[in-house]
Amino acid sequence: MSNIMTAAPDSVVTCFSVAACPDPGLMPRVLELFAKRGLVPSRFIGQVEHTPEPRLEMDIQACGLDSEVAAHIARSLGQIFGVEQVLMAERLNGAN
């Protein structure tokens with residue numbers, strides 16, 4: 001059974017911002033890093049931006065990740081073919 005990442009008040013939310021070339025197989029490869037750990041991100045948005053070249057932008061949020069696991073996921077995201085940039089930040093749930 002999967003672990004749906006829900007945000008308790010004052011819990012840490014890890015935010016990943018991924019920029020990549022628009023490829024139909026890229027989003028499943030990104031989500032696979034969470035799925036193989038039995039995790040379901042609390043938020044996943046993917047869209048193609050056209051400024052000036054097409055670029056796939058993904059916003060992924062996961063609650064309750066250990067800092068070491070989050071850092072490992074960020075490094076693994078950066079190793080996926082087609083990924084150009086990965087940014088990671090942590091915030092408290094409820095903070096904007």
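Begin by selecting Thr14, which is buried, with a relative accessible area of 0%; buried means under 20% relative accessible area and exposed over 50%, with a 1.4 Å probe and protein chains only. The model is predicted, so local features need pLDDT of at least 70 and side-chain atom pairs count only at pLDDT 80 or more, while totals for chains, interfaces and linings use all residues. Residues are numbered from 1 along each chain as its sequence is written, and side-chain values use heavy atoms, with hydrogens and water left out.

Thr14 belongs to strand β2, residues 12-20. Helices (H or I, at least four residues) and strands (E, at least two) are DSSP runs, numbered from the N terminus. Next, display the contacts of Thr14, a contact being heavy atoms within 4.5 Å. Leaving aside residues up to four places away in sequence, Thr14 touches Ile60, Gln61, Ala62, Leu65, Ala70, Met88, Ala89 and Glu90.

Now zoom out to the whole chain. The protein has two helices and six strands, arranged from the N terminus as β-β-α-β-β-β-α-β. Of its 96 residues, 31% count as buried. Among contacts with a separation of 6 or more, 73% are between residues 24 or more positions apart. The accessible surface, from the Shrake-Rupley method with a 1.4 Å probe, comes to about 5900 Å², and 55% of this surface belongs to carbon and sulfur atoms.

Select helix α2, residues 67-78, next. Its 12 residues should span 16 Å at 1.5 Å a residue, and the 17 Å between its end C-alpha atoms agrees with this; the expected span is 1.5 Å times one less than the number of residues.

Which residues of α2 are buried? They are Ala70, Ile73, Ala74, Ser76 and Leu77. Viewed down the axis of α2, these buried residues fall within an arc of 165°, so they line one face of the helix; the arc is that of the directions from the helix axis to the C-beta atoms. An α-helix has 3.6 residues a turn, so residues three or four places apart point the same way. The buried residues of α2 pack against β2, α1 (26-35) and β6 (83-92). Turn to the other side of α2 to find Glu68 and Arg75, which are exposed.

At the start of α2, select Asp66: one of its side-chain oxygens reaches to within 2.9 Å of the backbone nitrogen of Glu68.

Finish at Pro52, in the loop between β4 (43-50) and β5 (54-63). The peptide bond leading from Thr51 to Pro52 is cis, with omega near -25°.

Technical notes:
A polar contact is a pair of N or O atoms within 3.5 Å; within protein, one must be able to donate a hydrogen and the other to accept it, and residues adjacent in sequence count only if both atoms are side-chain atoms.
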